[in-house]
Amino acid sequence: MVLAMAWGWGCGRAPSSLEGAPFVPTSEFVVLAHVPAVDRDVRARERMALRQALARHAGQLDVALQLARVNIEVARARGDSRYLGRAQAALAPWWDLAAPPPGVRLIRATLHHARREYAQALVDLDAAVKEDPGDVASWLLRAEVLGVRGEHAEAARSCARLTALTSPLEVTVCEARVRSLSGHSRQAHQLLAEALTRRGHSQEAQTRALATLAESAALAGDASAARRFFLRALALDPHDADARAAFADLLLDVGRAREAAVVVIDHAQDDRLLLRRVLAENALGTSRAPELAQALARRFEERRLRGDGGLAREEARFALEVEKAPQKALRLALAAWETQREPRDVRLLLEAALAAGEPEAARPALDFLRASGCEDPVLVRLAERVRSVQP
Amino acid sequence: MSSVAALSLLLAVLSTQAQKPSDSYLHLSDEGRVISGRWDVSLLDLDEVLGLDVGGDGAITWGEVRAREADIRRYVLGRLALGADGRPCELVTRDTLRIAEYTDGAYAVLAFDARCARPFTRLDVDYSLLFDSDPQHRGIVRVSSGDTDSPLVFSNSRHFAQVRLRAASPWRMAGRMVVEGALHVVSRADHLLFLVALLLPSVLRREGGGPGETTPGFASALWTLVKGVSAFTVAHALTLAAATLGWVSLPARFVGVAIALSLLALAVDNLHPLWRGTRWAVAFVLGLLHGFGFASALAEWGLSAGSLTLALLGFNLGVELGQLAWVVAFLPLAFVLRDSRLYRRAVVVGGSVAIALLAGFWAAERALGLGVPVS
């Protein structure tokens, strides 16, 4: 209810339709952009100090690694991927090395993962865990990347390697996430719910556990539990764009578009979340919908201009649900399928194939579901529909 | 690295990103005399390398941006090198800094001219903005007269490109010169007044003293006029070619004064015929003089010997077309009005007197070197 009222008042940031036309601001005091405030923000100050230190003496690996880490944190907190590029810049002397010094591989893999360049991320992660089998973060990221690519068994093995290295909750989150990705969300849900009843978890582990719990509840078809967990997870960590997107998807699925719009309203800079906003406004038939859809289409165009195919999944969904162009959606969904196989990708491919009247094009998704023994209701039902119309 | 350090980063490590990365948009267009450029660079990127937020409050204001305008220009333009067939072009700032909105916020808009040694057929672009601070940065560069319509994408690993200019084709150049010639006609005051002075009495039969009392047919009026403007074009083609090829040259001030005087003579002839039936000859003389005036404008285009002949032809054709268009637009109007007292007295006499006065003023001004001589 409160969410719905907030939606009624706030317009969020609707990108201007006058994009590109140059103008002279009317006053000296017009604020044109926001950056981290060095006089208030501790991390911004730390970042500045590290940059200055590195500028004075280039080639200090520890300083460079720390600067890269801070940049990655800022990228996440501000939702600004420029900082990922800046993290890469900090590691410039080591970036292209085939065998970089310790620490560089994890950062490199993190940046590749963030850009959905999973194959490149895996090269570094495989090497990183070989060089240091006690490297928790690399094992975790490796499990995540493998899981997203649909290599569930190998992902589970990566989680298992964590057992002696980190807290039980961390291991459980890792395992639950893989089960959820492979279509066994009810199991994942049970594992996590049980683990969370025990006390003494770190803030990060707990936050991540809640987000994973929420996503698996949503996939298992328990919307009200999922909603509860998403709200808690986002309260603990409002910067989790993946959880926010999944929450908006859940709300859209259960016909609560108004709430979905509110969840993503202040996050128009993130293309995934702008997509959810467009879907919500579209479902509501608001006057803002066309303008927002245009803005998103422009983002896709800007990506294409720079030769970036990383948003194929979002573009496919946009084509399917907003542009009503099922052929285009199917083409893009198949392109996305090459790199990632999360439940969202499976669903998209099935839906696009159905809409395009080419159920046989969904064959890879059907095979994938059969191989992983998927039990999650939405995907199971969708797969049945596709099979029923297949020749 | 210790596991603890990695763990503190855990959430960030596992997150994916879907925000717009850093791009700049550079548009280069061949204006003939110069390559004009417009470069849009994000303020977020400029802040990273130049520290625009001097106040440290996290808000970049227009005042803060403007205070650093010179630094921004130096930084940005210093990271673009253009070359014409291998010879470096000089980048010169044009206009003040402006702002444009993109989907990811405000960008600084820098306008500049690239002065290149002409003629050339290949533009070399070396783009090195921001790659050192963000290797994921891309420069999206459009060259409007380049051989491809799709933009060039410059990256850390590909920061140099060569673009063949389509305008280098002599035929295309000639096509542009047609447009340029036509525009020249309607954008120059003395040329327009020449056309007015020629047009005004053409719909009236000219008898002994002053504007005539009987009226010629439309075809006859049109013929008189076309003869006049074509005589102008032929004459102007002759001197333009002679001057452009360097055979003849006259001082600019002399040409300016002579143009004004010939315009004065034409206006006086409207009031009191000086040359019975030979007005086209006046137009011819005026055309000869104008040809010298155009030559300097054409020189700025830096045409190659190969394309010069076609360009000259194109320019002359454009002038003729521009004049004919003007005739077609205004002759019917004058023809309809010609029997009215208003037209005969106020428009023809009044107009010619005004033109004569203005031409006399120009002649004096140019002779004394007060105004700017016609180019």
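Visitor: How much of the contacts in chain A with a separation of 6 or more comes from residues 24 or more positions apart?
Guide: They account for 51% of those contacts; two residues are in contact if their C-beta atoms, placed from the backbone, lie within 7 Å. Keep in mind that this is a predicted model, where local features need pLDDT of at least 70, side-chain atom pairs count only at pLDDT 80 or more, and totals for chains, interfaces and linings use all residues. Residues are numbered from 1 along each chain as its sequence is written, while chains are lettered from A and ligands numbered from 1 in the order in which they are written.

Visitor: Nice. What is the mean pLDDT of chain A?
Guide: The mean is 89, and 95% of the residues of chain A reach 70 or more. pLDDT is the predictor's confidence in each residue, from 0 to 100.

Visitor: And where does it stay under 50?
Guide: Over residues 1-18 of chain A. The model has 23 contacts beyond four places in sequence for that stretch.

Visitor: New topic: how many helices and strands does chain A have?
Guide: Chain A has 22 helices and one strand. Both are DSSP runs numbered from the N terminus: helices are H or I with at least four residues, strands are E with at least two.

Visitor: Which strand in chain B does β1 of chain A pair with?
Guide: Strand β1 (residues 31-34) of chain A pairs with β3 (residues 59-61) of chain B, antiparallel, over three bridges. Pairing requires that DSSP finds at least two bridges between the strands.

Visitor: What is the bridge partner of A:Val31?
Guide: B:Thr61, in β3(B).

Visitor: How many residues does each chain give to the contact?
Guide: Chain A gives 72 residues and chain B gives 54.
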